[in-house]
Amino acid sequence: MDKPSPMSPFLGRALEQLQETRSKPTTAPTTLPLSTLYTQAQPRRRFERIEELAESIRAQGVLQPLLVKPDGDGQRYRVIAGERRLRAAHLAGLTEVPVRILNLTDEEARVVALLENLQREDLNPYEETVGVLELLSEDLAKSRAEVVSLLRRMRKERRGEAGHNVMASPEAQRVEETFKALGRMTWESFVQNRLPLLSLPEDLREALETGAIPYTAALELKKVKDGAYRAELIRQISEGLSLRELKQLVRRSLLPAQDNTQADWRKDALKTIARANLDQIPEERRLLVEERLRALLEVLTP
């Protein structure tokens, strides 16, 4: 039996299409009326500085052609990549824009749209996380929840926490190949640093999507249950509060309230840490445990 390809055929074809459009084109772009173009859902939810782009388009025109896919009747075209440029062109008063027409299946078109957006620098971390999951969902023919479950099982197996025999599966190989193709981060980093963004409270997700806070701060603020205090910390971040200072403030907020039992609580916690036998912890987890113990000692030691 032939070994299955680690990358799905349509993902490979989508990557080829993007590479071709970004290399020296062999033909000039086609011009189409705005009235024939329509958009589809994509990872980017916010389109910043549209007015600024519209001013640039009024002066110079649309410099980068939109990527479009023809409908069956050939009368209308779905925008695969370039919705921000399309919106700005409408604002600028244009009636037509340059496009490159790609003959793709619906499945390939969805993947090209996801890939094109994921490779843009201004996609915020939350949108990027959702986009990566949608890309994996398309590639693996699984729901987003199933993709998240697969990623977490892969991580547990890689860390030696459970033997799921997942890493040798074709699905795990495709996950690894997809992250290599994106070239932004490893799948392990994605699971550790990005999946937690999916469960952010609404205020933190809003702050992250608008660029008010970086994702590292969002993960730290997630520990704070008091919404009013989170809002105050977000304000301080906008005024220059560093991640290290934020961690210290969050750490203090998680301490028990000052009362007569706090000294005893600290003593008991320090005794528990002192009795910890690191030799009984598997080697691959020992460094992580030691790092967490050091952080806890910082909090407990007056």
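Strands S3 and S4 (residues 77–81) pair in the antiparallel sense, over four bridges. Two strands pair when DSSP finds at least two bridges between them. Helices (H or I, at least four residues) and strands (E, at least two) are DSSP runs, numbered from the N terminus.

A word on the source before we go on. This is a predicted model: local features need pLDDT of at least 70, side-chain atom pairs count only at pLDDT 80 or more, and totals for chains, interfaces and linings use all residues. Residues are numbered from 1 along each chain as its sequence is written, and side-chain values use heavy atoms, with hydrogens and water left out.

Now the sheet. It is open, has five strands in the order S1-S5-S3-S4-S2, and its pairing is mixed. S1 and S2 (37–39) are the edge strands, each pairing on one side only. On average, neighbouring strands are turned by 55° against each other, direction ignored.

Take S5 (residues 96–101). S1 (residues 30–33) runs antiparallel to S5, and four bridges join them. Pro33 has Glu96 as its bridge partner there. S3 (residues 66–70) runs parallel to S5, with three bridges. Here Leu66 is partnered by Val99.

Which residues stand opposite Val68? In S5 it is Ile101, and in S4 it is Val79. S3 is mostly covered, with four of its five residues buried. Buried means under 20% relative accessible area, exposed over 50%, and partly exposed in between (1.4 Å probe, protein chains only).

Helix H4 (residues 106–118) lies across S3 and S4, at about 40° to S4. Contact means heavy atoms within 4.5 Å. Axes are lines fitted to C-alpha atoms, for helices over the stretch in contact, and angles run from 0 to 180 degrees between N-to-C directions.

On to helix H8 (residues 187–194). Its buried residues are Trp187, Phe190, Val191 and Arg194. Why do they line one face? Seen down the axis of H8, they fall within an arc of 115°, so they line one face of the helix. The arc is that of the directions from the helix axis to the C-beta atoms. These residues pack against helices H5 (125–140), H6 (144–158), H7 (170–182) and H10 (215–221).

How many aromatic pairs does a search of the whole structure find? One. The ring centres of Phe179 and Phe190 are 5.3 Å apart and the planes are at 55°, so the pair is tilted. Phe179 sits in H7 and Phe190 in H8, 11 residues apart. Both Phe179 and Phe190 are buried. The rule: rings of Phe, Tyr and Trp (its six-membered ring) pair if their centres lie within 6.5 Å; planes under 30 degrees apart count as stacked, over 60 as edge-to-face, the rest as tilted.

Last stop: Ala141, in the loop between H5 and H6. Its phi is near 55°, a positive value in a residue other than glycine. Most residues other than glycine have a negative phi. Buried or exposed? At 70% relative accessibility, Ala141 counts as exposed.
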